[in-house]
Amino acid sequence: MRTVGVVVNPIAGMGGRVGLKGTDGNVAEARERGADQRAPQRARTALDALRDAAGDVSVVTYDEPMGGGVAAAAGFTPTVVGHPTTPASTAADTRAAVEAFIDHGVDVILFVGGDGTATDVATAVTAHDASVPVLGVPAGVKVYSAVFAVQPAAAGRVAATFEDTTTREVSDIDEGAYRDGEVQTTLRGVVATPVTEGADALQPAKQAYAGTTGALAAGVADSVRDGVTYVLGPGGTLAEIADALGVSGSPLGVDVYRDGALVVRDGSASEITAALGTDNVVYVSPIGGQGFVFGRGNDQISPAIIDRSEVRVVASPQKLDQTGVLRVDTGSEDTDASLRGWQRVRTGRFEKRLVNVV
């Protein structure tokens, strides 16, 4: 019987939809902005997949809101080995849960959160000098570490079926610097991570790519039409597009442009939704190395916004050469399904390339 330790960071990802660049230290503000918890639902999706894929598996977890309730709801009879010290749980609670899982002899640790949670898990594993593999269910605003599965269901399937592990890096960024427009990535740990044969269910680490995108930005600027509302996602390529349009966008936020002016700068999902018109276009660019166009760092562009818009992807040829395919993880299976398939990606002023969204 395989034993899986499950720990949920219940506040992970709350800052995404409301325009915060992360939730660390910002839970109160996220709630004031009307943020909803997303981690429990992501955990349930992963645990449903774990249950369906596993022949014989037991779950060890912490009490609610760190996994006990959602594991029971997914049909498991979990062994609860501890309780959080606060109703929302803390980083120390996550580390304590991992330590308890290791003492219990779990075969794999399945955690639900973002890079901050991954750092807490890796810290506890390293402190115990343990070799137990860890696998992340993506639920945070920042999901740059290479220990995450591409989607929650994939995490559950891998935890149930893996027969080998590989070494992966855990990294995190400084949220304060990120909000000010600067990405500062720091290596936080190196851990064993489960792998399976066949299609890669784990996301690669984020990479930075050089490449001229000025012509691409000029091509987008030439194509804008009066009366159309344009939603510009985060990233350097979209920042160049904003420059080509003659506006000062937010390189790491989401902006709304219409008829020569910014309607919303660094908006939340509700602000972007309120600014939509009859004709809407969403421009996004994949995260280098990972290939995600939705679900990593741009949660403000919610499924409801995507469903009301035409999606256009832009990327340098160098980035596409390394990425290979594009990925989506919006939190809505219906929206993800509507985005999958061959997508025409603008790579230059006139050039486009067909790339598969998987």
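# Reading rings, a sheet and confidence in a predicted model

Modeller: Start with confidence. pLDDT is the predictor's confidence in each residue, from 0 to 100. Helices (H or I, at least four residues) and strands (E, at least two) are DSSP runs, numbered from the N terminus. This is a predicted model, where local features need pLDDT of at least 70, side-chain atom pairs count only at pLDDT 80 or more, and totals for chains, interfaces and linings use all residues. Residues are numbered from 1 along each chain as its sequence is written, and side-chain values use heavy atoms, leaving out hydrogens and water.

Biologist: What does the protein chain average in pLDDT?

Modeller: First the general idea: where pLDDT is low, the predicted coordinates should not be read in detail. Here the average is 87, and 86% of the residues score at least 70.

Biologist: How many aromatic pairs does a search of the whole structure find?

Modeller: A pair of aromatic rings is described by the distance of the centres and the angle of the planes. Rings of Phe, Tyr and Trp (its six-membered ring) pair if their centres lie within 6.5 Å; planes under 30 degrees apart are stacked, over 60 edge-to-face, the rest tilted. The search finds three pairs. Phe111 and Phe148 are edge-to-face, with 5.4 Å between centres and 70° between planes. Phe111 is in strand E4 (residues 108-113), and Phe148 is in the loop between strand E5 (134-138) and helix H6 (152-161), 37 residues apart.

Biologist: Is Phe148 buried or exposed?

Modeller: Buried means under 20% relative accessible area, exposed over 50%, partly exposed in between (1.4 Å probe, protein chains only). Phe148 has 0% relative accessibility, so it counts as buried. Phe111, at 1%, is buried too.

Biologist: Why is the pair of Tyr230 and Tyr257 tilted?

Modeller: Their planes stand at 50°, with centres 6.5 Å apart, so the pair is tilted. Tyr230 lies in strand E8 (residues 229-232) and Tyr257 in strand E9 (residues 255-258). Both are buried. Ring pairs link Tyr230, Tyr257 and Tyr283 into a cluster.

Biologist: In what order do the seven strands of the open sheet run?

Modeller: Two strands pair if DSSP finds at least two bridges between them. The order is E10-E9-E8-E11-E13-E15-E16, with mixed pairing. Strand E10 (261-264) and strand E16 (352-357) are the edges, each pairing on one side only. E11 and E13 pair in the parallel sense, over four bridges. Tyr283 stands opposite Arg312 in E13.
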